[in-house]
Amino acid sequence: MRIRPAHLPLLALSVLSAAQAATFDVYTFTPPSGWTQTTVKGITRVSRTAGGQYCLFDLYPATKGSGNVTQDFRNEWNTLVVTPYAPDDAPEEESGEPVNGWQTHLGGASFAYEGGTSLAVLATFSAAGQAASVLMLGNDEQCLEQFDTF
């Protein structure tokens with residue numbers, strides 16, 4: 001997944017697959033082969049489900065950022081993860097290397113979902129007064145691996 005050049009590239013990573021590149025807001029990305037892509041209420045979701053396991057990536061439109069990627073992450077975490085999913089613990093957080101001028105911050109925590117345990121991982125990017133986030137939710141061990149290459 002990467003940000004469209006018109007909005008400063010966010011990530012230089014994309015999944016190599018037979019799928020065509022897609023765009024949404026500031027993102028350009030290639031959905032993994034065999035995954036479903038939908039856009040509902042201004043959020044693009046790339047997902048797969050199989051045998052009771054699920055993995056999804058929600059791409060949220062860029063909003064006005066604070067200028068501090070850690071603060072932007074914490075604001076997004078509270079809105080996108082804490083309120084709807086009530087994770088068990090505070091997120092384990094880390095800052096990443098800047099990518100084409102975008103600061104990066106990532107964090108994750110587990111939460112109870114439908115009688116099992118799922119993982120929420122939020123990646124927030126901040127640059128030029130904007131903040132953009134991608135939320136991964138899943139109960140499949142391969143989900144996190146797929147998120148790393150998305």
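**From a loop to the sheet**

Mentor: Glu114 is exposed, with a relative accessible area of 72%. It gets that label because anything over 50% counts as exposed. Keep in mind that this is a predicted model. Glu114 sits in the loop between β8 (102–113) and β9 (116–127). Now check its backbone. The phi of Glu114 is near 50°, a positive value in a residue other than glycine. Why notice that? Most residues other than glycine have a negative phi.

Ala86 is another residue to check. Its phi is positive too, at about 45°, and Ala86 is not a glycine. You will find Ala86 in the loop between α1 and β7. Ala86 is exposed, with a relative accessible area of 52%.

Now follow the strands beside these loops. Seven strands form an open sheet, ordered β4-β5-β6-β10-β9-β8-β7, and the pairing is antiparallel. The edges are β4 (36–40) and β7, each with a single partner strand, so one side of each has no neighbour in the sheet. From one strand to the next, the twist averages 20°. What holds paired strands side by side in general? Strands of a sheet pair through backbone hydrogen bonds.

β7 runs antiparallel to β8, and six bridges join the two. Within this region, Glu92 stands opposite Gly108 in β8.

α1 lies across β6, β7, β8, β9 and β10, and it runs at about 150° to β9. α2 also packs on the sheet, touching β5, β6, β8, β9 and β10. The direction of α2 makes about 155° with that of β10.

Now turn to the charged side chains. How many salt bridges does a search of the whole structure find? It finds three. Take them one at a time.

Arg74 and Glu93 meet in a salt bridge, at 3.3 Å from N to O. Arg74 is in helix α1 (residues 69–85) and Glu93 is in strand β7 (residues 92–99), so the pair links parts of the chain 19 residues apart. Arg74 counts as partly exposed, at 41% relative accessibility. Glu93 counts as partly exposed as well, at 31%.

Move to the strand β5. Arg45 forms a salt bridge with Asp58, and their closest N and O atoms are 2.6 Å apart. Arg45 lies in strand β5 (residues 43–50) and Asp58 in strand β6 (residues 53–64), so the pair ties together parts 13 residues apart in sequence. Are the two partners buried or exposed? Arg45 is partly exposed, with a relative accessible area of 31%. Asp58 is buried, with a relative accessible area of 3%.

The side chains of Asp140 and Arg48 meet in a salt bridge, at 2.8 Å from N to O. Asp140 is in the loop between β10 (130–138) and α2 (141–149), while Arg48 is in strand β5. These two residues are 92 apart, and the pair links distant parts of the chain. Asp140 is buried, with a relative accessible area of 12%.

Now put the pieces together on screen. Begin at exposed Glu114. Step into the antiparallel sheet. Finish on the Asp140 and Arg48 salt bridge.

How values were computed: Residues are numbered from 1 along each chain as its sequence is written. This is a predicted model: local features need pLDDT of at least 70, side-chain atom pairs count only at pLDDT 80 or more; totals for chains, interfaces and linings use all residues. Side-chain values use heavy atoms; hydrogens and water are left out. A salt bridge is a side-chain nitrogen of Lys or Arg within 4 Å of a carboxyl oxygen of Asp or Glu. Helices (H or I, at least four residues) and strands (E, at least two) are DSSP runs, numbered from the N terminus. Buried means under 20% relative accessible area, exposed over 50%, partly exposed in between (1.4 Å probe, protein chains only). Two strands pair if DSSP finds at least two bridges between them. Axes are lines fitted to C-alpha atoms, for helices over the stretch in contact, and angles run from 0 to 180 degrees between N-to-C directions. Contact means heavy atoms within 4.5 Å.
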